[in-house]
Amino acid sequence: MNREIAIIFDEIADLLEITGGDRFRINSYRRVSRIIDELPESVADLLEKGKLQKIPGIGKGTIDRIQEYLSKGKISTHQELLTSVPAGLLDLLRIPSLGPKKAHTLHQELGVKDIDSLQKAIAKGKVEKLDGFGKKSVEKILEGIEFLERSAGRTPLGIARPVAEILAQTVAEFAGVKKVEIAGSVRRGKETIGDLDLLCVAADGFKTIKTFTKIRGVTEVVAAGKTKGSVVVANPLGGEIQVDLRVVSKESLGAALQYFTGSKEHNVRLRELAINKGWKLNEYGLFKGDEMIAGKDEAGIYKKLGLKFIPPELREDRGEIECKGNLPDLIGLDDIQGDLHVHCTASDGRNTVEQLAAAAQKRGYKYIGITDHSKSSAIANGLSADELLESVENIRKVNKKLKGVAVLAGTEVDILADGSLDYPDKVLAKLDWVIASIHSAQGQGRDRITKRSIAALENPYVHALGHPSGRLLGQRDAMDLDWEKVISKAAQTNTALELNCSWQRLDLNDLHVRQAMEAGCWIVICTDAHDIEQLGQIDYGIQTARRGWATKSRVLNAMPITKIKKWLSAKHGG
Ligand code: DGT
Ligand code: CA
Ligand code: CA
Ligand code: ZN
């Protein structure tokens, strides 16, 4: 909820800035947004305890607006601004290199009101002549527009899945609804989602769909009948997403779930198998003539077709049918013994080492690795070598007091533009766990980027390469890496590749995980959490790992603590 409110405050600031509003007000909304986003507890709880009022920077006006949000789900200042600014102007801000200030100039000087009119103005050469723009920034804008078009209409899993879960819960509470399932690409754990697909078993289809079209957040009803409804809902974290709800009979639930989970490619292959046996497979069941021989549950369908149950994440027609039930023993959430990429208050995290360790233990973990940024990541409040050693001392102290959970002292050290690391080896040697990541000069050519990554893999103190591609979903492309070289070097040096579970990253992606598995590489599945809530992002990474056919035996943090400690020290030959 804090996040949602913070986003609204930030959007108010954007809207004010686009309309050329008062600088002081704009900055104040931005500051409040950041404060709310960084609170360690929910605003509702803090408000109730009377603590919110005491936080510096939170004034009476802010409290009023937060209360308004808590009771009505929206903030009137925000709504009013939204109606006064052309809707297309906000879209401009989705272009990676375009901020509200530039959007304001474009609107003011050239009458630009959306991406379309911006493209026209660029084509006429008007934009590059504007103050503060120029050829280079126009190039950047065009690249950004192209990027947007490529990712058009798809929502990251980390935004779409929580919405699907809330909606499934809502539908489950309708009168007469007996069962709800989430199907489609969300169930398969795809990194981006086109639309949400829900199924339910209900007494009265017409009534169920009707109620569905009226739930909070619906901005448009696309279709409403007695077995299917489609609506568009506003996403609390920004954007909109379409949701399909289908009402199916109890007898066909398995067949419907199988069909609507997809993928389409996987379904086509299954249908072929059925046809080869002289049967028919559709969303109602598996039929031999008129007789339904399976369809009540999914497993029955796979069994009749001569297959073992195929986990949803594998249903992409990437070999899961050919391997005839000889499927890998996939990693699962329960196998994870600890999270090894977590930031604490020493750099830009929001929770202390103690809080993080307690939260890890609550999740059933046996260890947690604290990995703050190094000094070159200045915006992330990276630590100097001295500050790092001080933080290590604190971690060791906390660790001594804990039972049942171990805290490893680590770092996420920057790989600098020349391939060297941001800390000398003698500092790295004092740590239990070292992740090396690229955070700068990501636009270097294939050769240099690959060499940098390989230099890090070759360092005996480096245990893992962090978010190896550097992509940010919907915001930034992956670096131009030679994957074959990087993966084979990782296998050869016994260095793990991180699968960073932050939903903006999911990096490695599913295909890279598969490549890493085939090369016999280690992967380590970590959240990059900046607070205890983000430890929950592990789910997205687990699904991505499963989509890459990852087995427990190749996942570093599926090892028990004693084993991983040995693995870690063996790495530096000690
Ligand atoms: P998305 O929404 O683009 O992220 O991907 P999906 O996989 O959720 O696709 P969607 O929503 O179009 O359809 C949901 C599932 O329904 C899909 O995975 C398989 C099934 N489906 C849809 N259209 C067809 C079709 O023409 N043939 C078959 N065999 N299955 C289909
Ligand atoms: Ca879908
Ligand atoms: Ca759909
Ligand atoms: Zn990082």
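**Terms and model**

A residue is called buried when its relative accessible area is under 20%, exposed when it is over 50%, and partly exposed in between (1.4 Å probe, protein chains only). The model is predicted: local features need pLDDT of at least 70, side-chain atom pairs count only at pLDDT 80 or more, and totals for chains, interfaces and linings use all residues. Residues are numbered from 1 along each chain as its sequence is written, chains are lettered from A and ligands numbered from 1 in the order in which they are written, and side-chain values use heavy atoms, with hydrogens and water left out.

**Calcium site**

Asp195 is partly exposed, at 23% relative accessible area, whereas Asp197 is buried, at 12%. Both residues coordinate the calcium ion (ligand 3), as does Asp244, at 2.3 to 2.6 Å. Donors here are N, O and S atoms within 2.8 Å of the metal (3.2 Å for Na, K and Ca); water is not among the atoms, so sites may look incomplete. Asp195 also coordinates the calcium ion (ligand 2), which lies 3.7 Å from ligand 3.

**Nonpolar cores**

A nonpolar core is a set of buried Ala, Val, Leu, Ile, Met, Phe, Trp, Tyr and Cys residues joined through side-chain atoms within 4.5 Å. The largest has 58 residues, and Ile331 and Ile336 are among those that touch the most other members. A second, separate core of 46 residues includes Ile8 and Tyr29.

**Helix H23**

Helices (H or I, at least four residues) are DSSP runs, numbered from the N terminus. In H23 (residues 561-571), Ile564, Trp567, Leu568 and Lys571 are buried. The buried residues of H23 fall within an arc of 95° seen down its axis, so they line one face of the helix; the arc is that of the directions from the helix axis to the C-beta atoms. Thr562 and Lys566, on the other side of H23, are exposed.

Definitions and conventions: Helices (H or I, at least four residues) and strands (E, at least two) are DSSP runs, numbered from the N terminus.
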